[in-house]
Amino acid sequence: MGEHTHRHSGDMASSLCWNCKGTLEEADLCGTCVKIQPFKEDRDYFDILGLPHRLVIDSGTLTEKFHEKSRLFHPDFHRMEASTEQEISLTNASRLNQAFKTLKDPFLRAAYYLALKKPGNPAIDPKKRLTGQDLMELMELKEELEGEVAVGHQEKAFARLLKEVRDLESSILESMKEIDFMESGVEGDSAPSTETADMLQKKKSRLSRDLEYRKYLQSIRRELSTPATVKETS
Amino acid sequence: MTRTVIGIDLGTTNSLVAIMEDGKLRVIPDTEGRKLLPSVVALSSSGVQVGFAAKSRLNDPETIVVYSAKRLMGRSFSDVEQEIGQLAYPVENVDGLPLIPDPFRKRHLSAPQIGAMILSELRKRAEVALGQTVTDAVITVPAYFNDAQRQATKDAGEMAGLNVLRILNEPTSAALAYGFGAGKDGLYAVYDLGGGTFDFSLLSIRRGVFEVKATSGDTHLGGDDFDQAIIDQWLGILPKGVDQSRPEVRDLLRKEAEKAKIALSQNTEVAVSVPAIGLETTLSRETMNKWVEPLVQRTLIPVHKALSDAGVLPGEVDGVILVGGATRLLRVKEAVEELFRRPVYDEHDPDLVVGEGAAVQGDILSGSRKDMLLLDVTPLSLGIETMGGVMSSLIPRNTTIPTQAKELFTTFLDGQVKVDIHVLQGEREMAKDNRSLARFSLTDITPMTAGAARIEVTFTIDANGILDVRALDQRTGRSQGVVVHPSYGISKDTVREMIKESFQHAQEDFQTRMLIDSRTEATTVINATRRALEKLGPDILPDEERSMINKQLDTLEKAVKGEDAKLIRDETSALDQVTRPLAERLMNTSVQDALGGKSLPEPEREA
Ligand SMILES: Nc1ncnc2c1ncn2[C@@H]1O[C@H](COP(=O)(O)OP(=O)(O)OP(=O)(O)O)[C@@H](O)[C@H]1O
Ligand SMILES: [Mg+2]
């Protein structure tokens, strides 16, 4: 690796350019020597793409930002440079690609957002997202669908499952909007009322539960469709 | 100043080299104006030939003619065992690798070495055209090539003395060549059916950014298989006495099948006649379409897979780009149009467009343009083998590259100093059903209690789609030793050996060429001088001078029969010395046309 030593994020010196040691005006590119800068550990996917921390993102804006940053970091534009820059370009472009992939999908984005250690984000224990009742419900649904498939009502079973998924997804997208709205209000206020904070917390817990529930529905969908594809290929 | 980066399409049947020159694409032809180079290498006692010269020796029993070597690239012997039967040249199993024996030079050649010979030829073409040495290159591969096949192609480039800046996917390359300037932004599909491979890619183009959404394909499906489908039918009508297993019979059938197939792109029916094996029949387009229909349908499987991976319906695609010689088959084009019902782009020559795109990418890499950017994906999922022989996926297919995945490893036993990681590529659940890429060993782990070690392994797929693995001991922050044992293909050491060897051979080849060149030159001079001597009387050429010249002519003729290129050149200039006074006299008496052939001819260029 390069000679430069890795510094801890948060260290004051880390806002200096790795190459010319000048102070960085912007995080991605040194204004003095025009070298790309490695992403600091504490930059999350929103920071990397230069987007505000929001659950709802316009897909056009997201793509635009992704392309803009790709033009900065993609290895193709650094192929003739020194190995340190090629290394930075490779690592940054990789993280950028991951960031885009995560934020592009609203459900991955919501899960990522909730996992960020934002002040006010409730620490949600992943194991407790689904209640016992949720799990019972899912089991029942699965058994019913399997029963329908067993008597040849494949299409009917799939249609029902698909409806479940769709309904859940639109309710997830709705809560994402609501949370964004409430949080932009909180940011403006210096001291949010405990009532608002409480509500926000509840909404986030609910969103977290819904995302988990959706994952289960999708795994049921995969399981239901597997035997069918096996039949197809044999 | 920026360096010229050449773009090379290393095809199964044909290859070519292209460059960007003053913003214009140019495919570099050979001295006879031919743009394509047959991907064929001929091995015989008289030397190694590449391209057209090699192809012309296809039926020479004294020569081993190697074609379609791309099908062997980065594969194990057992991978290709089935199709070796269809090849008319020998392939042997040497330590699990499919190698081609070269008995004339007592060696075995790997697919990358054959590829290197083709690449060297193209490199020479470019050097002659540009009048300077060329080292930087972009080489294209089918998008569906796995890590081993990509690595093998890169190795081939290095063996040819090239600095391979990028391994580029063929369909993406074609899209780059189409360029699609302003106003053409949208979602495009590339359907690429070549000689031996099929690729399908979906990409969105937006203000010069080419973003691949999904890619899929079949590395063993192409025009060759269409020929085979026709051959299979003809075998049924061959007269009883013909031995169908003889390579010559297969060669004849293959040539005739391809000829008929190509003719049917123009005509609705062709007459087929191969008297040597008693094949007399006619073939209609309709019949051929029926025979190849299963293959056409097979191409649609990857098409649907990519569409569903990208979550796109056929009707949402703005246009389909047709690439590869086999898309000239009318039924193929028709099937694509039926599925998409969208405009089909085929105005760029489907044989050249991939190589042209490689030149565009070369231009981007050389730093001379920033208006275009390619964001490609990895075609296959990458994972590691976990407990119970299950593959655990780390990087799913169609992930934009470059990409990295980190995974934490630890020890299972007290004092364990080594951890093995088995890396796989493929979509199946069980490790054994996927392609094994390599086994990586984390070595020299400090002995500790079980589970105490914390080794962070980073799997990187670079912009070439090639894997790199690095490990870090999290407790010490030091990098951890990784030893790679590739499952197929060739180890780094062997590649280095081969590069060295190929330079030696290049040296040998060079000497052979020098010998041939100096012989040609000497013979031309001898003939011209003899012709002149016949015409000249004693008034201009005194007898003693004539006998001196004759003596040197004899000496030179003797040298030409030998193997010493330097001696031939020395005796040629000695002849030049003794004829010089005569030449000068002739100049003065203005009868120099009598010695018209005297001036040293340009050494003949090897085709
Ligand atoms: N008019 C035609 N009709 C049908 N097939 C054709 C026609 N012209 C060429 N082909 C076929 O196209 C194939 C060669 O295509 P191409 O040169 O694009 O392949 P390649 O680049 O060498 O292979 P690959 O891309 O698979 O490595 C051959 O199978 C040839 O028979
Ligand atoms: Mg091709």
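This is a predicted model: local features need pLDDT of at least 70, side-chain atom pairs count only at pLDDT 80 or more; totals for chains, interfaces and linings use all residues.

Residues are numbered from 1 along each chain as its sequence is written, chains are lettered from A and ligands numbered from 1 in the order in which they are written, and side-chain values use heavy atoms, without hydrogens and water.

Q: What makes strand 23 and strand 26 of chain B a pair?
A: Two strands pair if DSSP finds at least two bridges between them. Strands are DSSP runs of E, at least two residues, and helices are runs of H or I, at least four; both are numbered from the N terminus. Strand 23 and strand 26 of chain B share 7 antiparallel bridges. So they meet the rule for a pair. One bridge joins L408(B) to E456(B).

Q: Why are strand 23 and strand 28 of chain B called edge strands?
A: The open sheet has the order 23-26-27-28 in chain B. Strand 23 (403-409) and strand 28 (478-480) each pair on one side only.

Q: How do you know which strands helix 3 of chain A touches?
A: Contact means heavy atoms within 4.5 Å. Helix 3 (residues 83-104) of chain A touches strand 23, strand 26 and strand 27 of chain B. Its direction makes about 90 degrees with that of strand 23 of chain B. Such angles run from 0 to 180 degrees between N-to-C directions, with axes fitted to C-alpha atoms, for helices over the stretch in contact.

Q: What makes strand 9 and strand 10 of chain B a pair?
A: They have 3 antiparallel bridges. The rule asks for at least two, so they pair. P101(B) stands opposite H108(B) in strand 10 of chain B.

Q: Which residues are closest to ligand 1?
A: A residue is near a molecule if one of its heavy atoms lies within 4 Å of it. Ligand 1 is surrounded by 22 residues, and the closest are T12(B), T13(B), K70(B), E258(B) and K261(B).
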